[in-house]
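This report goes through a few parts of one protein chain. Please look over the sequence and the structure before reading on.

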Amino acid sequence: MSGTFSTSGLGARGYLMMSVTRFLHTGDWQLGMTHHFLSEGAQERYSQARVDAIRTMGRIAKEESCQFMLVCGDAFESNQV
């Protein structure tokens with residue numbers, strides 16, 4: 001989900017000034033999460049798919065001229081990653 005945040009005010013000559021900040025909001029990546037019911041090969045593909053999704057979000061943020069990406073929730077499943 002990308003969004004914009006606008007602030008407005010009067011410039012030096014009294015004209016209305018607008019500034020827009022674009023950002024991409026995401027969360028709960030939980031990198032390093034394991035699913036014990038998956039086979040070893042499936043677990044590797046699952047983990048790689050998460051990393052690929054983050055790369056895709058970075059590409060989208062760049063294409064949409066976002067100034068930053070806001071990551072809420074758990075970025076990592078544990079501190080062992």
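Which residues does Gln43 touch, not counting residues up to four places away in sequence? The model used to answer this is a predicted one.

## Gln43 and its contacts

Gln43 touches Met33, Thr34, His35 and Leu38, with residues up to four places away in sequence left out of the count. One of these, His35, has its backbone nitrogen 2.9 Å from a polar atom of the Gln43 side chain.

Gln43 is located in helix 1. Its relative accessibility is 14%, and buried means under 20%, so Gln43 counts as buried.

## Helix 1

Helix 1 covers residues 40-63, which is 24 residues. From its first C-alpha to its last it reaches 35 Å, close to the 34 Å expected at 1.5 Å a residue.

Gln43 is one of the buried residues in helix 1; Ala42, Ile54, Met57 and Ala61 are buried as well. As background, an α-helix has 3.6 residues a turn, so residues three or four places apart point the same way. Just after helix 1, Ser65 takes a positive phi of about 60 degrees.

His25 is in strand 2, which spans residues 16-27. With a relative accessible area of 30%, His25 is partly exposed.

How far apart in space are His25 and Ala61, C-alpha to C-alpha? The distance is 9.6 Å, while in sequence His25 and Ala61 are 36 residues apart. Ala61 belongs to the buried residues of helix 1.

## The aromatic pair

A search of the whole structure finds one aromatic pair. The rings of Phe23 and Phe68 have centres 5.4 Å apart and planes at 5 degrees, so this pair is stacked. Phe23 lies in strand 2 and Phe68 in strand 3 (residues 68-72), so the pair ties together parts that are 45 residues apart in sequence.

Are the two partners buried or exposed? Phe23 is buried, at a relative accessible area of 18%, whereas Phe68 is partly exposed, at 38%.

## Cysteines

How many disulfides are there? The count comes to zero, where a disulfide needs two cysteine sulfur atoms within 2.5 Å.

Cys66 has a relative accessible area of 16% and is buried. Cys72 has a relative accessible area of 33% and is partly exposed.

How values were computed:
Residues numbered from 1 in each chain as written. Predicted model: local features only at pLDDT ≥ 70, side-chain atom pairs only at ≥ 80, totals over all residues. Heavy atoms only, no water. Helix = DSSP H or I, 4+ residues; strand = E, 2+ residues; numbered from the N terminus. Expected span 1.5 Å × (residues − 1). Buried < 20%, exposed > 50% of the residue type's maximum accessible area, 1.4 Å probe, protein only. Phe/Tyr/Trp six-rings, centres within 6.5 Å; stacked < 30°, edge-to-face > 60°. Polar contact = N/O pair within 3.5 Å; in protein donor to acceptor, adjacent residues only side chain to side chain. Contact = heavy atoms within 4.5 Å.
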